[in-house]
Amino acid sequence: MKITGVELRRVAMPLVAPFRTSFGTEYERDVLLVRVVTPEAEGWAECVAMEQPLYSSEYADGVTDVYRRFMIPWLMALPSIDAYGVARTLGPIKGHRMAKAALETAVLDAQLRAAGEPLARFLGASRERVPCGVSVGIMDSIPQLLEAVDAYLAAGYVRIKLKIEPGWDVDPVRAVRERFGDILLQVDANAAYSLADAPQLARLDEFGLLLIEQPLADDDLVQHAELAKRLKTPLCLDESIESAAHAAAAISLRACSIVNIKPGRVGGYLEARRIHDLCRAHGVAVWCGGMLETGIGRAANVALAALPGFTLPGDTSASRRYYATDLTAPFVLRDGQLDVPTGPGIGVDPIPDVLDAITTSIEWIK
Ligand code: SMG
Ligand code: MG
């Protein structure tokens, strides 16, 4: 396939409710969509970089810049490209994994659409539906949190993840356990703690959590390994794992026993599958993370979450948990599960009228 043009489109998507984490509050997603055009087919992808570099060093305007200056000209200079060739070609560019992931995914979508093959089948999915969890932000009060969790359980979510930070950890977890009993429950700190907080984090042990996600700094595998020894709750890494090599290092160091896989964070679905394969071979459970994706990103995540090593429910919630109107046909929760798309490529398309209404800018590179 020869890339003849790439469209970079920004869309503004208000969230149905603010989403607060230890690093900030999201009210609206300012999403960068990538459309790769080839003579055989077009491919779509969503870049998960946020508007600000708070979850990781990447941010949407930075992605656009590295696309314009380097990545897209490099790919368009090639007479032919496939999804594997994207990482190979962009390999010399350090970092920028979210940027690379979206370009690779759009090329992969085009390639699979041209071949008539669904992404789930290409990746090696073993399920047609995936069980779904929901990530619940930090709230102003415990009653407010209990009300939110109650509504998500009523909607059918099979697992609840609570965002925590110093000052919002043991009390909300205890309140949710006391009120809702034996539900699947886990927490995510987004790197808000230090090893000195180990005694406080150990207080969570009595609540039988599935896991504690990314308690310490992104770049601190050694201290995560030390913390893991001091906790009964299994440790899961998110921000720390940007590649299969990082996952291998974390497993060797015993820095985690579970990995949250986000394709955007690790440079794409091909690397995500490598991490899945590696973890599966080592008996390390994985689950699919989320970055408040629209239907475009969600479709591909749900395909990945259908692989056999994804043994824990993901942050792959239904469209309405995020958006009143999704930009694709909405993903709907049925019995706590989402259907894996079956159409070629990512299996979903943006709805033209919705797309037009929410678009804030379009740049066409050819
Ligand atoms: O997509 O449901 C979702 C959000 C899941 O909690 C979630 N994501 O650290 O895992 C995480 C966060 C990162 C995004 S916070 C804006
Ligand atoms: Mg996380």
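## Ligand 1 and its contacts

Asn 190 places a polar side-chain atom 2.7 Å from an oxygen atom of ligand 1; a polar contact here is a pair of N or O atoms within 3.5 Å. The protein covers 100% of the 440 Å² of accessible area that ligand 1 has on its own (Shrake-Rupley method, 1.4 Å probe). Lys 262 also brings in a polar side-chain atom, at 3.0 Å from an oxygen atom of the ligand, while a polar backbone atom of Met 291 is 3.3 Å from an oxygen atom of ligand 1.

This is a predicted model, where local features need pLDDT of at least 70 and side-chain atom pairs count only at pLDDT 80 or more, while totals for chains, interfaces and linings use all residues. Residues are numbered from 1 along each chain as its sequence is written, chains are lettered from A and ligands numbered from 1 in the order in which they are written, and side-chain values use heavy atoms, with hydrogens and water left out.

## The shell

Around ligand 1 there are 19 residues, of which Ser 135, Asn 190, Lys 262, Leu 292 and Tyr 322 come nearest (a heavy atom within 4 Å). Strand 1 and strand 6 (159-163) each supply at least two residues of this shell; strands are DSSP E runs of at least two residues, numbered from the N terminus.

Now for the strands themselves. Strand 1 (residues 5-21) pairs with strand 2 in the antiparallel sense over 13 bridges (pairing takes at least two DSSP bridges), and the two form a hairpin with 2 residues between them. Val 37 in strand 2 is the bridge partner of Gly 5, and Val 37 also has Glu 42 of strand 3 as a bridge partner.

Notes:
Helices (H or I, at least four residues) and strands (E, at least two) are DSSP runs, numbered from the N terminus. A polar contact is a pair of N or O atoms within 3.5 Å; within protein, one must be able to donate a hydrogen and the other to accept it, and residues adjacent in sequence count only if both atoms are side-chain atoms.
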